[in-house]
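Dear colleague,

Please find below the structure that I am handing over to you. My notes on what was found in it follow directly after.

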Amino acid sequence: MLNTVRARRGMATSPHHLATEAGLRVLREGGNAVEATVAMAAALAVVYPHMTSIGGDGFWLIGRPGEVPVGVEACGRAAGAATPELYGRAGLDAIPQRGPLAANTTAATIAGWGEALKVSAEHGGRLPLARLVEEAVWHAENGFPVTASQNELTSEKRSELAGVSGFAGSFLDHGAAPAVGSIMKLPALGATLRRLGTAGTDDFYRGGLAREIADDLAAAGSPVAPEDLARCEARRVAPLSVRLPGMRLFNFPPPTQGLSSLMILAIFSRLGVGEAEGFDHIHGLVEATKQAFLVRDRIVGDPDSMSENPADWLTDAALDRLAGRIDGRTALPWPAPPSAGDTVWLGAIDGSGLAVSFIQSIYFEFGSGIVLPQTGIVWQNRGASFQLRGEGPRLLAPGRKPFHTLNPAMAAFEDGRYMVYGTMGGEGQPQTQAALFSRYALFGEELQAAITAPRWLLGRTWGAESVTLKLEDRFPPALVAALRAAGHDVEIVPPFDAMMGHAGAIVRTADGTLEGAGDPRSDGCASGF
């Protein structure tokens, strides 16, 4: 992907081209950006099953120029039976990353679809859910070609997933990862999506579908019970925001790390960096990331259990203080505690200007690994991020929301532009957002160039175990040497590495022109008409 795509009537972007096409078809039929996003989310749950599922969580920002966006939080809570004592009786001192005891929270993304479609109706949305899941159902029932990404990740994680309930029968081919380009069918998932289209999203939590889900979770050994599903709901929330010169940025409040994404860019904007791609740009953003992550890891978790107001860290005084701690020539010693994650970000803007930034996740690749036999749903392991000891908002307790790396982003510019952007990538999400946004919005690079350009990653994330400062090998050797000389523990990784995230962005200019970009590290694209 070398060029920014442009259109006038509607645009969608996602990490898989079949999902982007599903969203674009909805826009062509007169659907709005929310409806297009639901279509893409459903399609991705089928054609990108290692990255997302309807058995996960989701977070929406929905807005239009001149208005403050509304957030839809679809975050599952810890089950009533999910207590530290449950794991103690099993002889565990940490929550496992795979298997039934990793599947300890409800999955709220379908509730989020329902609430987002209520917002859609307030903006003239009219398409039924049955139409929005149509493409996903077709791919599930008729088959889709396996991507290199799915093949590689299945091969990598096969040893830890093969024995998990339902996984091998759904995602392995005679015990091995399916070949690239081979056709995979997910008929049970297709039937579930078709059923949701007819019965509605509530069936997932309080109807016949909920009973099947609960029965299969119990049979697998998950603590999630029928009453947990029945209590699951999505809610509308106000986004966090911060002002930079000439623009206002929006992101999601806790339990997500949206605070850190806003803090990185706000801190960086105070450093006086004058141009992109040099030492000051990369070093400044990495050091701003460290300051933001130190705050994030101390205060962010279940919002009802937090002792500090995240908005207090977006004040001028707090941001000035943190920027003042950054040494322009020397790296702060690192690491801090890392976070992993597996996710999809997708976005859409329709001809009326309605814009959506949405992120949906099952946490690790294939989540807990559990595949529910009656419904074909892969269940998330987001609750593996809870702690079993200590105190604070990340301590496991029934009804608590887990810490989320997910954070969809939006920006409104004083010149009339409106932007949605985001990425998958766990710990890397705020960093990739900072890279693409600073390149585009602060230094004037083309949108696609800002995403295609080489990226970096501080810490461990999706697919990586080390906590170094990872640089794609397309950075100039002199810049790499300067970063090492400043004290950064640099590790060089291959170009266009998926660990750097699957980013995307759409901008609506003041005259209504839409500009879109996708990530060459993914299987997706931006497309408009």
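Phe413 and Phe437 are both buried in this predicted model. Their rings form a stacked aromatic pair, with 6.1 Å from centre to centre and 20 degrees between the planes. Since Phe413 belongs to strand 12 (residues 409-413) and Phe437 to helix 16 (residues 429-442), the pair ties together parts that lie 24 residues apart in sequence. Ring pairs also join Phe413 and Phe437 with Tyr421 and Tyr440 in a cluster.

A tilted aromatic pair is formed by Trp456 and Phe475, at 6.5 Å centre to centre and 50 degrees between the planes. Trp456 is in strand 14 (residues 456-458), while Phe475 is in the loop between strand 15 (469-472) and helix 18 (477-485). Both Trp456 and Phe475 are buried. The count of aromatic pairs comes to 13.

I would also draw your attention to helix 11. Its 13 residues (208-220) should span 18 Å at 1.5 Å a residue, and the end C-alpha atoms are 19 Å apart, which agrees. Its buried residues, among them Leu209, Ile213 and Leu217, pack against helix 9 (187-199), helix 10 (203-206) and helix 12 (226-231). Helix 9 and helix 11 pack at an angle of about 150 degrees, their axes being 11 Å apart. In this contact, Thr192, Arg195 and Leu196 of helix 9 meet Gly208, Leu209 and Glu212 of helix 11. By class, the contact has 2 nonpolar, 2 polar and 2 charged residues. Just after helix 11, Gly221 adopts a positive phi of about 100 degrees.

With kind regards

Conventions:
Residues are numbered from 1 along each chain as its sequence is written. This is a predicted model: local features need pLDDT of at least 70, side-chain atom pairs count only at pLDDT 80 or more; totals for chains, interfaces and linings use all residues. Side-chain values use heavy atoms; hydrogens and water are left out. Helices (H or I, at least four residues) and strands (E, at least two) are DSSP runs, numbered from the N terminus. The expected span of a helix is 1.5 Å times one less than its number of residues. Buried means under 20% relative accessible area, exposed over 50%, partly exposed in between (1.4 Å probe, protein chains only). Contact means heavy atoms within 4.5 Å. Axes are lines fitted to C-alpha atoms, for helices over the stretch in contact, and angles run from 0 to 180 degrees between N-to-C directions. Ala, Val, Leu, Ile, Met, Phe, Trp, Tyr, Cys and Pro count as nonpolar, Asp, Glu, Lys and Arg as charged, and the others, Gly among them, as polar. Rings of Phe, Tyr and Trp (its six-membered ring) pair if their centres lie within 6.5 Å; planes under 30 degrees apart count as stacked, over 60 as edge-to-face and the rest as tilted.
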